[in-house]
Amino acid sequence: MGLIKEITKAITDKAKEEVLLYIKKAVDADAKKKAEAAAPAITEESKPAETPAPAPEKQADTKPEEQDETVLRINDDKAVRLTFTTRADSIVISRDLAGMLQMLSYEEFALYLKLYFFSFSQKKNYGYVGNSLRRSIGLDEMTPKQFGKLINMLGDRGLLEVLQVSDTQSTFTLFVPFDETCMKKVEEKPRPDKKPLPPKKETKPQVQEEIKSEPKLPERMESGGGTPPGRAGMEMDEDQLVKSYRTFISLEIDKAKMRVGRSNFDKIYMEAVKYIDKKYGFKVLSDSEKFKEYLTQYYISAFDIPSYEQWRKTKV
Amino acid sequence: MLLDMDQKVLMKTVADIEIKLLTCKSNFFWEILAKKYDEAEEKIKDFYKKKPIPQELQDALDKVRLQLVIKKGDLPHEDLLV
């Protein structure tokens, strides 16, 4: 009996050991499987944090910087100042230009096209860069900073030439393929002076262009030079004198604006609009450039600002 | 009858400008509307040629023009050439 008991005990002990071993193996196998399943996820997560991922991130960071610094130039032709002799029914984009435009980002593309259409509507491919231009092409919502950046980008691409005229003012010349049937190049007079500053050179034709369009000022511009305000002895040519006069008018209008107050100035503006419409017709009102000319004249007369002739006499 | 129909079409062109003028907030948009007005006026003149423009249509044109002028005065001031 005792032997049978011993045998039974030995068998159950062995069975217990076997079962324990089996359970241990099963548990180990599960743990291994779990570990294997978790391992790729961990490596994927850890990888970007360690070596390979930082590299693309760095590239992504550096790419825009590089783009800012070096913008691919897509046009090597010089932007020449042009005036449009006829107002064509259709605005044509040449194949070459279309090819260039295809390479632009959508913002640059949009800005170029807006400026292109604007050039055709104002019959010249140049003008001042500023808020007025931004608003004229319908980009009121764009910030001036963004606008300036895009203008510079187009400049870097070779589709636009920006010239700093003064500390605060700059001009642009849009690249427009020359078409002799409807365009005329603006002649740039070589300066006889010893100081041929490039920005001044570029602005000369524009000032002359504006003089042509202004009925009052140009007739008075024909006689010789003078001295600039507050700078006796320094010679000043006619264009510079006109420029000084423009600055003078601008300052006088600003002074008048402060003197009469904002609400009164708004009323004066309203009166000016009505007056221009009545006297020169609705077409003048809807032509931005002409409207500005007549508005300036209205202010000159409304605020008793000296005429160019009178002002010039005080300066000579 | 046909003339009345045409008159309605022309009136609608003018009325459309008047409605769009309500939402006009910039000089840029105003200029587009002003051009549309010019076109509408020319279209009407061309249509009637030597005949006098019906009073109703003329009144509508005058009204929209006045509204355009007033709106121009209300909009942000145009920068000067200086």
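This is a predicted model: local features need pLDDT of at least 70, side-chain atom pairs count only at pLDDT 80 or more; totals for chains, interfaces and linings use all residues.
Chain A holds 13 helices and 5 strands. Of its 316 residues, 35% are buried. When contacts within chain A between residues at least 6 apart in sequence are considered, 67% of them join residues at least 24 apart.

Chain A contributes 34 residues to the contact between the chains, and chain B contributes 23 residues. The area buried between chain B and chain A is about 2,500 Å², with carbon and sulfur atoms giving 65% of that area. The interface also contains 2 salt bridges. In a salt bridge between Arg65(B) and Asp277(A), the closest N and O atoms are 2.7 Å apart.

**Nonpolar cores**

The largest nonpolar core comprises 43 residues, and the residues with the most contacts inside it are Phe282(A), Leu285(A), Tyr299(A), Trp30(B) and Leu68(B). On the side of chain A, the elements giving two or more residues to this core are α9 (238-260), α10 (262-280), α11 (282-286), α12 (288-302) and α13 (308-315); on the side of chain B they are α1 (2-22), α2 (27-48) and α3 (55-74). The largest share, 7 residues, is supplied by α2(B).

The surroundings of Leu285(A) include residues of both chains. Apart from neighbours within four places in sequence, Leu285(A) is in contact with Val273(A), Ile276(A), Asp277(A) and Phe291(A), and with Trp30(B), Val69(B) and Lys72(B).

**Helix α10 of chain A**

Helix α10(A) has 19 residues, which at 1.5 Å a residue should span 27 Å; the C-alpha atoms at its ends are 26 Å apart, in agreement with that expectation. Its buried residues are Phe265(A), Tyr269(A), Met270(A), Ala272(A), Val273(A), Ile276(A) and Asp277(A). Viewed down the axis of α10(A), these buried residues fall within an arc of 155°, so they line one face of the helix. They pack against α9, α11 and α12 of chain A, and also against α3 of chain B. The face turned away from the buried side bears the exposed residues Lys267(A), Lys278(A) and Lys279(A). After α10(A) comes Gly281(A), which has a positive phi near 100°.

Asp277(A), the partner of Arg65(B) in the salt bridge, belongs to α10 of chain A. Its relative accessibility is 11%, and therefore Asp277(A) counts as buried. With residues up to four places away in sequence left out, Asp277(A) touches Phe282(A), Leu285(A), Arg65(B) and Val69(B).

**Helix α3 of chain A**

Where do the buried residues of α3(A) lie around the axis? In this helix (residues 95-102), the buried residues are Leu97(A), Met100(A) and Leu101(A). They cover an arc of only 100° around the axis, which puts them on the same side of α3(A). Arg95(A), Asp96(A) and Gln102(A) are exposed on the other side. The packing partner of the buried residues of α3(A) is α4 of chain A.

Lys123(A) and Lys49(B) have positive phi values although neither is a glycine. Their positions in the chains are given below.

| Residue | Phi | Location |
|---|---|---|
| Lys49(B) | about 45° | loop between α2 and α3 of chain B |

Lys123(A) has a relative accessibility of 31% and so counts as partly exposed. Lys49(B), at 69% relative accessibility, counts as exposed.

Strand β2 of chain A contains Gly127(A). Is Gly127(A) buried or exposed? With a relative accessible area of 7%, Gly127(A) is buried, since buried means under 20%. Gly127(A) and Arg81(A) are separated by 46 residues in sequence, while their C-alpha atoms are 9.6 Å apart in space.

Definitions and conventions: Residues are numbered from 1 along each chain as its sequence is written. Chains are lettered from A and ligands numbered from 1 in the order in which they are written. Side-chain values use heavy atoms; hydrogens and water are left out. A nonpolar core is a set of buried Ala, Val, Leu, Ile, Met, Phe, Trp, Tyr and Cys residues joined through side-chain atoms within 4.5 Å. Buried means under 20% relative accessible area, exposed over 50%, partly exposed in between (1.4 Å probe, protein chains only). Helices (H or I, at least four residues) and strands (E, at least two) are DSSP runs, numbered from the N terminus. Contact means heavy atoms within 4.5 Å. The expected span of a helix is 1.5 Å times one less than its number of residues. The arc is that of the directions from the helix axis to the C-beta atoms. Buried area is the accessible area (1.4 Å probe) that two parts lose on being put together, summed over both. A salt bridge is a side-chain nitrogen of Lys or Arg within 4 Å of a carboxyl oxygen of Asp or Glu.
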